[in-house]
Amino acid sequence: MPAIALSILVVFLPLSLVTIGGGQSAVADMHRQIVDLHGWMTASQFVDAFAISRLAPGPGSLLATLIGWRIAGPWGALAATIGIFGPTALLIYGVAHIWSRFEGARLLKALERGLRPVAAGTILAASYVLLASLDSGWIGRGLALASTALLMATPINPLLLIGGGAGCFALLHLVGLA
Amino acid sequence: MPVSTPEPPSPAQLFLIFARIGLTSFGGGLSGWLLREFVQQRKLMSEEDFLNGLSIAQALPGVNVTNMAIWIGYRLGGRNGAIASWLGIVVPAALLIVLISTAFSALAGFALTHVALAGAACAAIGLSLSMGLTAARRVPRRAFPLAIMAATFVAVAILQWPLIWTVLVAGSLSVAVSYSRG
């Protein structure tokens, strides 16, 4: 495995353990490390990768796979995938293994309740970091807020919404507004 | 339809089931799909067993759907079942996302590609923000959980502290307080 792939693995291994809920909670820190700390990608490349990871099916954390691929090809993709999924996979495997003997109802409830505000804080932070790194200005922020409102208020299919966002910008571009 | 419990699926079958779910799951709502597949249609698990797994998958770190794949795979097929289910949900979707991104790179010469992707990103941020707001709505309206949420946000978004330490400190504090409240 090339040295860069090892560095990618080292970035994603600890991040695995802070992906509470979905992959969303780790996005802010991925951005901090990949863009700001290591300079492996520009902010706009990162936002592009984020958009593709939302367009594609499968677990949201595949954003890591895509980042690894963009930085260092197949080895990078492999390292990032193992890093982001590995530790938590071992953790849930261990819990599934001992579950039958594990009288953990109270602890489980405390975990679920206690992690709720932390997950909310990290996901909101991820949204903030992404909004801040948009280079499409107020039109883009407006579109992001409009899509938030649509998702909260209607049972709209997210894929349709993302396609709509792409179409909306393409149209604005063609008429010369963006 | 026979009333007896159906034969549990082999690791290869688990791989294929999760590969199909991984490749067709767009934008969340995955646990509903899994419930329909394993509990309601194939009747391979009891609803209670499934829901226990779901609350563990949500409480433990990790992506809920990959956690669920390992939980279900382990219950139905032991170690090999867990490995096959995990590979099924991750590997095919990982290959597909690389293909999709390669397709976008091939179109990168056109200005329109970047513009369309930027539009998609804005809508996708809406997905992230609405998830954050939904999660925030489920936080109990008490001073302590709200303070934990606000402190986590400020530490990660504004101060840009490393996420792992923030979550470790805020998470263990918050879990300890929830536990002592019973």
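Predicted model: local features only at pLDDT ≥ 70, side-chain atom pairs only at ≥ 80, totals over all residues.
Two residues are in contact here when heavy atoms of theirs lie within 4.5 Å.

**A buried aspartate in chain A**

A:D29 is found in helix α2 of chain A. Is A:D29 buried or exposed? Its relative accessibility is 3%, so A:D29 counts as buried. Leaving out residues up to four places away in sequence, A:D29 touches A:L15 from its own chain, along with B:W161, B:P162 and B:L163 from chain B. If you have the structure open, this is a handy place to begin looking at how the chains meet.

**The interface as a whole**

The size of an interface is often given as the accessible area lost when the parts come together. For chain A and chain B, that buried area is about 8000 Å², and 77% of it falls on carbon and sulfur atoms. Each side brings a list of residues to the contact: 90 from chain A and 90 from chain B. On the side of chain A, the residues that lose the most area to chain B are A:P57, A:I92 and A:Y93, which together make up 8% of what that side buries.

What about charges and polar groups? Across the interface of chain A and chain B, the rule finds 0 salt bridges. The count of residue pairs in polar contact across the same interface is 11, with both residues at pLDDT 80 or more. Several helices of chain A take part: α1 (3–16), α2 (27–37), α3 (43–55), α4, α5, α6 (137–153) and α7 (158–174) each supply at least two residues of the side that touches chain B. Of these, α5(A) gives the most, with 23 residues.

**Rings that reach across**

How many aromatic pairs are there over all chains? A search of the whole structure finds 3. Two of them are set out here.

| Aromatic pair | Geometry | Centre to centre | Angle between planes |
|---|---|---|---|
| A:Y93 and B:Y74 | edge-to-face | 5.3 Å | 85° |
| A:Y128 and B:F153 | edge-to-face | 5.7 Å | 80° |

A:Y93 lies in helix α4 (residues 62–98) of chain A and B:Y74 in helix α4 (residues 64–106) of chain B, so this pair joins two chains. A:Y93 is partly exposed, with a relative accessible area of 23%, whereas B:Y74 counts as buried at 17% relative accessibility. A:Y93 is also one of the residues named above for losing the most area to chain B.

A:R141 lies over the face of A:W138, at 4.9 Å from the ring centre.

**A buried serine in chain B**

To finish, look at B:S85, which is found in helix α4 of chain B. B:S85 counts as buried, at 0% relative accessibility. Setting aside its neighbours within four places in sequence, B:S85 is in contact with B:L14, B:F18, B:A69 and B:G73. B:S85 and B:L16 are 69 residues apart in sequence, and their C-alpha atoms are 8.2 Å apart in space.

Conventions:
Residues numbered from 1 in each chain as written. Chains lettered and ligands numbered in written order. Heavy atoms only, no water. Phe/Tyr/Trp six-rings, centres within 6.5 Å; stacked < 30°, edge-to-face > 60°. Helix = DSSP H or I, 4+ residues; strand = E, 2+ residues; numbered from the N terminus. Buried < 20%, exposed > 50% of the residue type's maximum accessible area, 1.4 Å probe, protein only. Lys NZ or Arg CZ within 6 Å of the ring centre and 35° of its normal. Buried area = accessible area lost by both parts, 1.4 Å probe. Salt bridge = Lys/Arg side-chain N within 4 Å of Asp/Glu carboxyl O. Polar contact = N/O pair within 3.5 Å; in protein donor to acceptor, adjacent residues only side chain to side chain.
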